[in-house]
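Welcome! Let's take a walk through this structure together, one stop at a time.

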Amino acid sequence: MENCIFCKIINGDIPCYKIYEDDLVVAFLDINPISNGHTLIVPKQHFQDLYDIDNNVLNHILEIAKKIAKQITAKLNCDGFTLVQNNGAVQEVKHFHLHIHPYYKNSEIMKVEDCFKILNI
Ligand code: 5GP
Ligand code: ZN
């Protein structure tokens with residue numbers, strides 16, 4: 001899709017801190033994180049939202065969310081996490097994505113680059 005920022009990231013036209021990739025999805029760190037390790041899981045195919053996305057791809061994204069959340073928990077020591085998926089007026093980027101919002105009882109926000117280094121060790 002033209003003018004879709006996530007399609008541009010997937011095509012490599014815009015850089016990102018990519019922490020996971022397979023045939024169907026990429027996962028990268030949010031550029032404006034609400035907490036350390038805030039991750040977006042994004043299908044490679046452009047689907048707009050929950051109504052639009054293929055069910056097999058959606059199920060795959062949930063499986064990958066399990067794996068990535070486990071890694072974030074192990075490497076960044078978060079105390080919990082929340083999955084968020086916005087649609088309609090509350091969706092800023094109109095290419096389906098699932099947020100992983102790690103939760104910490106105590107932590108200071110780190111640079112995205114530093115989180116990336118820890119997650120990729
Ligand atoms: P939503 O569409 O669910 O409201 O949120 C979109 C999310 O994408 C926001 O958390 C925002 O910070 C993130 N975002 C927007 N543009 C970029 C970008 O160019 N790179 C990355 N890594 N994240 C982005
Ligand atoms: Zn797109």
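Which protein atoms are the donors of the zinc ion (ligand 2)? In this predicted model, the zinc ion (ligand 2) is held by C4 through SG, C7 through SG, H46 through ND1 and H95 through ND1. These donors lie 2.1 to 2.2 Å from the zinc ion. The angles among the four donor atoms run from 102 to 117 degrees, and the site is tetrahedral. As a guide for your eye, the ideal angle for four tetrahedral donors is 109.5 degrees.

Now follow the donors of the zinc ion (ligand 2) along the chain, where their spacing reads C-x2-C-x38-H-x48-H. One pair here links distant parts of the chain: C4 sits in the segment before α1, while H46 belongs to the loop between β3 (39-43) and α2 (55-76), and the two are 42 residues apart.

Next, have a look at the cysteines. C4 has a relative accessibility of 7%, and because buried means under 20%, C4 counts as buried. C7 also comes out as buried, at 7% relative accessibility. C16, with 27% relative accessibility, counts as partly exposed. How many disulfides are there? The count comes to zero. For C16, the nearest cysteine sulfur is that of C4, and it is 13 Å away; a disulfide would need a pair of cysteine sulfur atoms within 2.5 Å, so C16 is in no disulfide.

Which of the elements gives the most to the lining? That is α1, with three residues.

Our last stop is G88, which you can find in the loop between β4 (80-84) and β5. With a relative accessibility of 35%, G88 counts as partly exposed. Look across from G88 to Q48: the two are 40 residues apart along the chain, and their C-alpha atoms are separated by 9.5 Å.

Notes: Residues are numbered from 1 along each chain as its sequence is written. Chains are lettered from A and ligands numbered from 1 in the order in which they are written. This is a predicted model: local features need pLDDT of at least 70, side-chain atom pairs count only at pLDDT 80 or more; totals for chains, interfaces and linings use all residues. Side-chain values use heavy atoms; hydrogens and water are left out. Helices (H or I, at least four residues) and strands (E, at least two) are DSSP runs, numbered from the N terminus. Donors are N, O and S atoms within 2.8 Å of the metal (3.2 Å for Na, K and Ca); water is not among the atoms, so sites may look incomplete. Four donors count as tetrahedral if all angles lie between 85 and 135 degrees; four count as square planar and six as octahedral if opposite donors are over 155 degrees apart and all others between 65 and 115; anything else is irregular. Buried means under 20% relative accessible area, exposed over 50%, partly exposed in between (1.4 Å probe, protein chains only).
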